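Look over the sequence and the model before reading on.

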Amino acid sequence: MKKLESEAGTPLFERQGRNMMLTEAGLALKAHAEQILALHDKALHQVQKYQNKTSLRLGCPEDYNETILPKVISAITKTEPTCSVQVYSQPVWC
């Protein structure tokens, strides 16, 4: 705590016997620390979504590329946002 106060350049705690209370500067630092911890938790939560990332390969005729395929890919990415979709398309030969 003394090192933290030294870095801050101001007292962060008020010592009253065995008890300690935060000073105004300490309360300000506490608010920022809580925000940092919340952002840390949020970042970890976001990153952990990619832990089980899946990959999907789709093959379809070329004439589906503009009609059906966008709807299919949209539905997949809505339900599985971390899913990687690879599309292989070939022209239809008659």
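## Basis

A residue is called buried under 20% relative accessible area, exposed over 50%, and partly exposed in between, with a 1.4 Å probe and protein chains only. The model is predicted: local features need pLDDT of at least 70, side-chain atom pairs count only at pLDDT 80 or more, and totals for chains, interfaces and linings use all residues. Residues are numbered from 1 along each chain as its sequence is written, and side-chain values use heavy atoms, with hydrogens and water left out.

Helices are DSSP runs of H or I with at least four residues, strands are runs of E with at least two, and both are numbered from the N terminus. Helix 3 spans residues 69-79 and includes I73. I73 is partly exposed, at 26% relative accessible area. Contact means heavy atoms within 4.5 Å. Neighbours within four places in sequence aside, I73 is in contact with V85 and V87.

Together, Y64, I68 and V72 make a nonpolar surface patch of about 240 Å². Patch residues have over 30% relative accessible area and no salt bridge; like charges are joined within 9 Å, nonpolar side chains (Val, Leu, Ile, Met, Phe, Trp, Tyr) within 5 Å. A salt bridge puts a side-chain nitrogen of Lys or Arg within 4 Å of a carboxyl oxygen of Asp or Glu. Areas come from the Shrake-Rupley method with a 1.4 Å probe; for residues, only the protein chains shown count as cover.

E5 belongs to helix 1, residues 2-8. E5 is buried, at 11% relative accessible area. Beyond four places in sequence, E5 touches T10, P11, L12, F13 and R15.

Strand 1 (residues 13-16) and strand 2 (residues 19-22) run antiparallel, joined by four bridges. Pairing requires at least two DSSP bridges between two strands. E14 stands opposite M21 in strand 2. The two strands form a hairpin with two residues between them, and G17 in the turn has a positive phi of about 65°.

## Cysteines

C60 is buried, at 15% relative accessibility. C83 is buried as well, at 13%.
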